[in-house]
Amino acid sequence: MADPLRCVTEQGYAVRTVPLPLFVRAYAAALVPPASAREVLDLRATPIPMLDVAVAADRRTALWQLAERAAALRLRRAAGPLSRCAVGAAPTREEAVCRAVYGELARRHRPTGQSRKVSCPPVPALREVAGRLDCHRTGDVAGVPAFTAVVRLERAAQPWTATVCDLSEERGVERAVWAALRAFVIDSLGGRDDAAALPGRPVRAAAPGAVSLAGAMAGRGPAQAVGVLPDDGAGDSGLAPSPPDELGELAEIRARLRRSGYRATATLLSPAATDTPGHVVGCRIVPGDSGVAAPVHEDPPPGLRAPVQLSLAYERDQVRISRVFHENSKMRTVPGGLPLVDLAQMAPRARRLLGLAYRDFGHTRRQYPLRPAGDPELLPLDICVRRRRSWAPMGSRPLDRDQLAHLLSLSYAVTGSADAREGLRLPLRATPSAGGLYSSDLFLLAENVTGIERGLYYFHPGKCALQLVDGSRTLAEVAEYTGYRDRVAGAAALVIYVGAFRRNQWKYRERGYRTVLLDCGHLAQSVVTNATALGLVAHPMIAFIDDYFNDFVGVDGSDDAVLYLTLLGTRKEERNA
């Protein structure tokens, strides 16, 4: 089976995906040296040279383009008779020859000043940009139509233009559009080495200097002539002639070249074996009895560097499981594809259970009601948002019990109810939750709170009370199981968020894992915002040992698991100068 990536790598190069801004709906890939192939974290941001760039509607098309550019680079380095020929790469030999011929013809195109505007294809590559895309038929080259696409943006100093040759107007215009977009993307990337190659200076390919691509790709013999353009439809390479129905486009190209006084020779650069990853063909066009070959355009962009984002990378195996989770939690049909839950069909006791989305340590020996008198003194929202800082200095003063009561009640206490039919009302809370199932539980490790003894507590949202879970627990013992030991040791309390997956996934299944995490995020943001509004410091933390904290709280880490932490403390008083 044809494999364009293998077609690139067997020529001694590698491919890296190039990130594009979201207003460009396309796939971009860079041809890079083998040493830059691995996606690894590089905090020094060592420049990654891009030998060429391909832009297309999909990855496979872009890779075939890079297979062509890889072959062209190798030929140029070899400095032989094929060093300046055009190259085509494709799954079939005939398609590769066509691409090579079209490429050679496009390099010979010269504007004549006469053009005819043609319709642009619906290529949604640039979304809602201030500018336009124009396409023109710009004459012929050796009897083959030439098409030019021009991308003009209002805020750009100059347009981006590309010309291709093709017998098919629809295909030719589309190819020209993508070629112009490639020019735009290359300019948008912007990174160039200070010591970029000067015009006329040879581009150094990264691969070893084997002259034959066939040898580079499979350790085989020299390049072979392909007998598809000569009159007899066969050549001296020993390859079987192509069936007549596969030569329709090639036969037409040959006829037009002959009428224009040109002759094309195509050379197979890839192995002729049946297991080859793809066919790579080089093409040269020479005049017939008269005329001199026109010079060709220079194409390779010298000195390009990959975007710095490629340095902040990771190996695929390091994120494989999370990607599998994301795929399995996708909703692939309309929302009605999820199990339909009709409250009218639920037994009354099942419906009542929906309103009991909490735990209850009702038999605890210690319980603190959190219903302060009076309204809280809160900072205005705009000041609160601007003031919030996770690393704001914490003071040594204890956290006031009334402040804690306001914080927890504003973040997660019951604030209303909704009708669930037949006289049943379900409680609602201050923080949003998928389906109103409230899959997060909030525990508090109190260390320095006035009026509350040290220990691990559960916040009961219905009773708006702290219920003691374990009076022997302290912040000092958990600090070493976090990534910020000193910061934890100086806090007044620690909020521990526990996800209750069974409470949610009976309805949302695999997608419910996402909603549990989102519920936790909503709750944590409410805690942080309310703490800041109350003049406190709230420091969210994801750096902790999961299994330790699961055991610390008393959950199994599977159906119920600790997901997040937030440190609480008083704000350190600033001294006046």
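Predicted model: local features only at pLDDT ≥ 70, side-chain atom pairs only at ≥ 80, totals over all residues.

Student: Why is cysteine 165 called buried?

Tutor: Buried means under 20% relative accessible area. Cysteine 165 has 0% relative accessibility, so it counts as buried. Cysteine 464 has 4%, so the label buried applies there too.

Student: Where is cysteine 464, and what is its phi?

Tutor: Cysteine 464 sits in the loop between strand S18 (455-460) and strand S19 (465-470). Its phi is near 50°, a positive value in a residue other than glycine.

Student: Is tyrosine 438 buried or exposed, and how do you know?

Tutor: The cut-off for buried is under 20%. Tyrosine 438 comes in at 6% relative accessibility, therefore it counts as buried.

Student: Moving on to asparagine 530: why is that one buried?

Tutor: Its relative accessibility is 15%, which is why asparagine 530 counts as buried. This residue lies in helix H14 (residues 511-533).

Student: What makes the link from asparagine 530 to serine 411 a polar contact?

Tutor: The N or O atoms must be within 3.5 Å, with one able to donate a hydrogen and the other to accept it. The side chains of asparagine 530 and serine 411 make their polar contact at 3.1 Å. The asparagine 530 side chain also reaches the backbone oxygen of serine 526, at 2.9 Å. Leaving out residues up to four places away in sequence, asparagine 530 touches Leu407, Leu410 and Ser411.

Student: How do you know that S6 and S7 are paired?

Tutor: Pairing takes at least two bridges. S6 and strand S7 (residues 131-141) have 3 bridges, in the antiparallel sense. Within that region, valine 118 stands opposite cysteine 135 in S7.

Student: What makes S6 an edge strand?

Tutor: The 4 strands form an open, antiparallel sheet in the order S6-S7-S8-S9. Strand S6 (116-118) and strand S9 (160-165) each pair on one side only, and they are the edge strands. From one strand to the next, the twist averages 30°.

Notes:
Residues numbered from 1 in each chain as written. Heavy atoms only, no water. Helix = DSSP H or I, 4+ residues; strand = E, 2+ residues; numbered from the N terminus. Buried < 20%, exposed > 50% of the residue type's maximum accessible area, 1.4 Å probe, protein only. Contact = heavy atoms within 4.5 Å. Axes fitted to C-alpha atoms, helices over the stretch in contact; angles between N-to-C directions.
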